[in-house]
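Take a walk through this model from the inside out.

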Amino acid sequence: MIAHHFTIDVEEYFQVSAFESRVARSAWERLESRVEGEVVRLLELLARHEARATFFVLGWVAERHAELIRTIAGAGHEVASHGWDHARVTHQTPTQFRESIRRSKGVLEDLTGAPVLGFRAPSFSIVPGREWALDILIQEGYRYDSSLFPVRRPGYGYPNGRLDPHWLTRSAGRLAEIPPTTLRWCGLELPAAGGAYFRLLPYGVVRAGLRRCERRGVPGTFYIHPWELDPAQPRLAVPWITRLRHYGGLRWMARRLDRLLAEFRFTAVRDTVAALLAAPAPPARDHAAALGVVSALGTS
Ligand SMILES: [Zn+2]
């Protein structure tokens, strides 16, 4: 049975990119923090199903909730980086990006005592033209990235990216890429990886995406945010489309997650990356050997 990746982007409800124009960065300190209760709920859910996950944590959150980060690691989950303060790569200079991923890695490693291997960009913002971020990740000691979402969406997406875990060969070295899951439908790659798509589309979309990964012999990658399990979070005055994307389906999210965790096996991304790293480096542009290793891991 393939073990898919269960991933969580750990941020406060007011830090999502869609609220940027409504919530000033300077207001964050004054807003009610809810991340702790939300993460504890997720940890309970994962424990009930004996599932492991990767938590991509903002440095800003880690600095304010040290005990929570230790609890996540202590429960056997992987702690990885979601950058420092949710600045999108499309809004950063290379120097700012480097500072953000270096600082968050340092804080997370100090808290857990374990190396931080992975990174996910806020809003999947490593888009075509921003590949320099991948080189900086390699230079800063990261072993994998999970930001190249192979879909075409306004504001994000890496439309021609590969669908399954693979090696990226860059001038700075190599980096494993773990893309969020998509589902091919009528010639289009649809996001089938979680978040608003999991809340608003029929449950069967994500299920079909993960089943197709299983048929290819590779793990899929599912993601959510702690605030998606919190129907009681303070509501911000935002346009209707943002309201729908952020607040739609929050009430049934816990039930859906329960169903998903019962139906599929999940693990942390680091397990797949460990198998990829243990395999001989595949020739550039050929990731078949690496995928074979992923497949073997998933069936163990
Ligand atoms: Zn995020």
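The largest cavity is lined by H82, G83, W84, A87, Q92, F97, S100, F119 and P122. A cavity here is a set of points, on a 1 Å grid over the protein atoms alone, where a 1.4 Å probe fits but cannot get out; lining residues have an atom within 4 Å of a point. Its lining splits into five nonpolar, four polar and no charged residues. The space inside is about 30 Å³.

The model is predicted: local features need pLDDT of at least 70, side-chain atom pairs need 80 or more, and totals for chains, interfaces and linings use all residues. Numbering starts from 1 along each chain as its sequence is written, and side-chain values use heavy atoms, without hydrogens or water.

The zinc ion has E11 (OE), H82 (NE2) and H86 (NE2) as protein donors, at 2.0 to 2.2 Å. Donors are N, O and S atoms within 2.8 Å of the metal (3.2 Å for Na, K and Ca); water is not among the atoms, so sites may look incomplete. Along the chain the spacing reads E-x70-H-x3-H. E11 sits in the loop between β1 (3–10) and α1 (35–48), and H86 in the loop between β3 (78–81) and α4 (94–112), so the pair ties together parts 75 residues apart in sequence. E11 and H86 are both buried (under 20% relative accessible area, 1.4 Å probe, protein chains only).

Now the packing. L257 is in contact (heavy atoms within 4.5 Å) with F6, L42, L45, F198, F222, I224 and L229, leaving aside neighbours within four places in sequence.

Technical notes. Helix = DSSP H or I, 4+ residues; strand = E, 2+ residues; numbered from the N terminus. Buried < 20%, exposed > 50% of the residue type's maximum accessible area, 1.4 Å probe, protein only. 1 Å grid on protein atoms, 1.4 Å probe; cavity = no way out; pocket = protein on both sides within 12 Å on 5 of 7 lines; lining within 4 Å. Points joined across faces, edges and corners; volume = space filled by probe spheres on them. Nonpolar A, V, L, I, M, F, W, Y, C, P; charged D, E, K, R; others polar.
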